[in-house]
Amino acid sequence: MKSNKSFKNIFLTASVIGLLSVTSCVNDLEREPITDITSANVYKDFGNYPNILAKLYGGLAMGGQVSGDGANYPDTDINGINGGFSQYTRLMYTMNVVSTDEAVIAWNDGNLHTIHKMTWDSSNEFISALYYRIFTEIAFCNEFLRNVTDEKLAENNITGDNLAQAKLMRTEARFLRAQSYYHALDMFGNVPFVKEDYLPGSVNPPQRIERAALFNFVEQELLACSNDLKDPKANVYGRADKAAAWSLLARLYLNASVYTGTQRNNDCITYCNKVIGAGYSLKPKYGDLFLADNNLNNPEAIFSINFDGINTQTNGGTTYLVHAAIGGSMQAADYGVNGGWGGLRTTKAFVGKFPANGADKRGNFFTTDQNLEINDLGSFNDGYAFIKFKNIKSNGVAGADKTWVEADIPLYRLADIYLMYAEATLRGGSGNIATAVGYINQLRERAYGNTTGDVTAINLDFILDERSRELSWEMTRRTDLIRYGRYTTGDYLWPWKGNVKEGKAVESFRNLFPIPAKDLVANPNLIQNPGY
């Protein structure tokens, strides 16, 4: 069993961690206690702290409080949508991958089909679920943070090594909150803003923060965390360290021109260099990054969301990414699971980024009985299947459970750092082009198994395509396309973009998702993003 993964059996009550309802307003972000257990006594016992912290991490992995996420509130973390559908990374994948050239989905649950077609509106339940999922995680973190201030720790007589550990946990909670605020910044722009001083039961709804101000908040929080977190690779696997903060800072700075109108390429390079200098290296085999034991001997992993098939039994996470990508003539046993859900495939625009001879092993497509052309989004056989994650270990043995997949999802890994360094350098940053080419060739030599894919020069278009080849289905594609001005425009088209088979440009306002309509009614401080 993987370490730090007992998220299924975590200690949690609604009074300790406020739960956010999809049908509620953001003012309900932290509710009044509904049990006799309160934070006043829970935080007096340091023995509770690790389990509460586990919920903060578990909020990224699980959609609810029970095995399989739960179907209804309160077993689910948020109301109005199945816990599996509303799991954090599954929603992130839907918005950042399914809305792009990297994936289509056959299912027509609710208004899911509008995501790839880019025809969503402010009543879309999946967009709303992501919004509330993000703010649920922020609520979890705020509740923890308001109870582990220096004053509270002294009041609760937390001393010695327990005090040092509590302060480290506090910094990890700040990092996790900053990470979720980064997701809000990236996908929604101008959002409600609450910190730990926003108390449960407040009669005043949260104030709205504009995108540039939220950028500054996330930046300052990450800078502070980068001083106080454990050194790179010194923390328990799956818990944040300084390199995780540096990686997110690099990503924040790479996209600064989108978020604030000002480029921060030198800063991006600075934090890429910090990560690179911390001793990470590429895992020798690309495919091993996405196997059931990808937590073992993985010098490339910086920060991941962890799953183990026993304690994190979720219909989101990699369980979703494996099962949903299997259908047609594919044999589920080949991927370590007991069946396919016949949903996810990819588009010919993505297929076309790889050499037709299969030399680049990152282009792992299943083509038997599959059509390259997508005439019917609802047919699994239209569009090549794409194999990314597997519930099989590096020794060929399936994971512990053939329903629940064990592979972890990397949020930050060294390959992304190499690619960000190269792009920021090409955009005028202070990096070295020869060094950047060397980093790219390391990725390509792993992908090709030799030097036949090496390049002698790079440009921005090449880097965008290389990011897609290397980081496919890792939830970066939408942000990358926006940064390059190709997400909504006619400069780059893919099948069914704009609900047209050949693809067409869509309205530029779709570079941001809408604030859920119900939240606008509930909170008069909010303003809908333009166009919705």
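Where is threonine 347, in terms of strand 5 and helix 13? Threonine 347 sits in the loop that links strand 5 (344-345) to helix 13 (348-351). A word on what you're looking at: this is a predicted model, where local features need pLDDT of at least 70, side-chain atom pairs count only at pLDDT 80 or more, and totals for chains, interfaces and linings use all residues. Residues are numbered from 1 along each chain as its sequence is written, and side-chain values use heavy atoms, with hydrogens and water left out.

**View 1. The whole chain, before zooming in.** Counting helices (H or I, at least four residues) and strands (E, at least two) as DSSP runs numbered from the N terminus, the chain has 18 helices and eight strands. Its C-alpha trace spans about 65 × 50 × 45 Å along the principal axes.

**View 2. Leucine 344 in the largest nonpolar core.** A nonpolar core here is a set of buried Ala, Val, Leu, Ile, Met, Phe, Trp, Tyr and Cys residues joined through side-chain atoms within 4.5 Å. The largest one holds 155 residues, and Tyr93, Phe175, Phe188 and Leu344 touch the most other members. Leaving aside residues up to four places away in sequence, leucine 344 touches partners including Tyr93, Val98, Ile105, Phe380 and Trp473; contact means heavy atoms within 4.5 Å.

**View 3. Around threonine 347.** Threonine 347 has 0% relative accessibility, so it counts as buried. Not counting residues up to four places away in sequence, threonine 347 touches Asp101, Val104, His116, Ile374, Trp494 and Pro495.

**View 4. Methionine 475 and its positive phi.** Methionine 475 isn't a glycine, yet its phi is positive, at about 70°. Look for methionine 475 in the loop between helix 16 (460-471) and helix 17 (477-483). With a relative accessible area of 10%, methionine 475 is buried.

**View 5. Tryptophan 496, another loop residue.** Tryptophan 496 lies between helix 17 and helix 18 (517-522), in the loop. Phi of tryptophan 496 is near 75°, a positive value in a residue other than glycine. Tryptophan 496 counts as buried because its relative accessibility is 15%.

Note on methods:
Buried means under 20% relative accessible area, exposed over 50%, partly exposed in between (1.4 Å probe, protein chains only).
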